[in-house]
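We will walk through a few stops, one selection at a time.

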Amino acid sequence: MADKQEVLQKVQEILTDALGVDEEEVAEDASLVADLGAESIDFLDIVFRLEKTFNIKIPRGDLFPEDLLSDEQYVQEGKITPEGLKVLKEKVPYADLNEFEKNPDVSGVANLFTVGMIVSYVTDRLAS
Amino acid sequence: MAFLEIFMRWFLIDKFIEIQKGKYAKAIRNITLGEDHLHDHFPTFPVMPNSLIIESLAQTAGILAGYSEDFEQNVILSKITKAVFHRMARPGDQLLLEARIVDLRDEGAWLDASATVDGEMLAEASLMFVHWRGELPSGRPLSNFVFNEEFVSFFWANLAPPSIKEKKNSPSAR
């Protein structure tokens with residue numbers, strides 16, 4: 001069973017390398033986009049590094065469900081629809097959606113992707 | 001002229017010395033005072049810009065990634081994860097450019113590259129390339145625009161190291 005603290009430490013190393021940020025910036029509640037300056041291409045890089053470091057396979061859209069945002073059923077007028085929120089909850093059970101639900105603006109989705117979310121995802125994957 | 005219009009690229013490597021499919025490549029690039037841009041960078045003190053050193057490394061790494069997949073993918077430089085420069089590159093220097101594949105997968109390629117002059121480290125970089133398989137707005141699939149036919153024939157005629165040319169031409173390899 002993987003120790004969460006151990007996973008956090010490795011995730012911090014990965015993000016330090018992938019995003020060129022200082023290790024102390026990579027706090028558990030830091031948002032990848034807003035706080036650490038991640039861009040879309042970085043998500044591909046992060047997934048690659050997680051797979052390599054933890055020796056797991058992360059199916060596309062499993063950790064960062066970006067395809068959801070281009071589906072009209074789930075996004076209308078720049079907001080995530082109730083159906084979209086349901087899918088988002090299923091797909092990202094690791095993210096804290098309580099605040100987001102009050103204003104489900106598409107631009108806020110990226111802020112759901114935090115360091116802690118990656119740690120929870122990896123810890124679960126290693127445990128299963 | 002038509003050839004130039006289609007094909008004119010800014011090559012920042014002169015030739016490959018070695019290419020090992022899926023693994024490693026070594027290329028050279030001679031810096032000369034005949035390059036116009038060096039006269040402005042900087043006036044009275046010519047230095048090859050670091051951005052162009054990155055491009056040299058990216059060409060070495062990108063062509064290695066492309067060759068490893070028989071030039072069938074559009075290999076696009078998408079991220080410079082790391083770039084460290086240890087010294088200046090000046091006219092008369094011969095850059096030895098080396099690239100190593102860290103991983104080559106369906107989505108893209110991850111490589112480490114370095115440039116040395118006379119055994120002295122000049123620059124190190126970690127580069128990420130993606131495989132672009134998009135389609136045009138008309139729905140037509142995107143053809144291979146990175147390693148197009150002109151590039152591939154130019155590569156075999158001018159850039160490829162003798163070792164892989166021999167392999168390509170030997171009947172048993174076909």
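Before the first stop, two definitions: helices (H or I, at least four residues) and strands (E, at least two) are DSSP runs, numbered from the N terminus, and two strands pair if DSSP finds at least two bridges between them. This is a predicted model, in which local features need pLDDT of at least 70 and side-chain atom pairs count only at pLDDT 80 or more, while totals for chains, interfaces and linings use all residues. Residues are numbered from 1 along each chain as its sequence is written, with chains lettered from A and ligands numbered from 1 in the order in which they are written.

**Stop 1: strands of chain B**

Select residues 94-104 and 108-117 of chain B, which are strands β4 and β5; they run antiparallel and are joined by eight bridges. The link from β4(B) to β5(B) is a hairpin of three residues. For one bridge, pick Asp103(B), whose partner in β5(B) is Trp110(B).

**Stop 2: where the chains touch**

Two residues are in contact if their C-beta atoms, placed from the backbone, lie within 7 Å. Seven residues of chain A and eight residues of chain B make up the contact between the chains. On the chain A side, α1 (4-19) and α2 (40-54) each supply at least two residues, and α2(A) gives the largest share, five residues.

**Stop 3: the core**

A nonpolar core is a set of buried Ala, Val, Leu, Ile, Met, Phe, Trp, Tyr and Cys residues joined through C-beta atoms within 7 Å. A residue is buried if 20 or more other C-beta atoms lie within 10 Å of its own, exposed if 12 or fewer, and partly exposed in between, again with C-beta atoms placed from the backbone. Select Val11(A), Leu57(B), Ala61(B) and Leu127(B): of the 65 residues in the largest core, these touch the most other members. Helix α2 of chain B (residues 50-68) brings the largest share of this core, nine residues.

Which residues does Val11(A) contact, leaving aside its neighbours within four places in sequence? They are Val115(A), Ile118(A), Val119(A) and Val122(A).

**Stop 4: an exposed residue**

Finish at Glu99(A), in helix α4 (residues 98-102) of chain A. Glu99(A) counts as exposed because it has 10 C-beta neighbours inside 10 Å. Draw a C-alpha to C-alpha distance to Leu112(A): Glu99(A) is 9.7 Å from Leu112(A) in space and 13 residues away in sequence.
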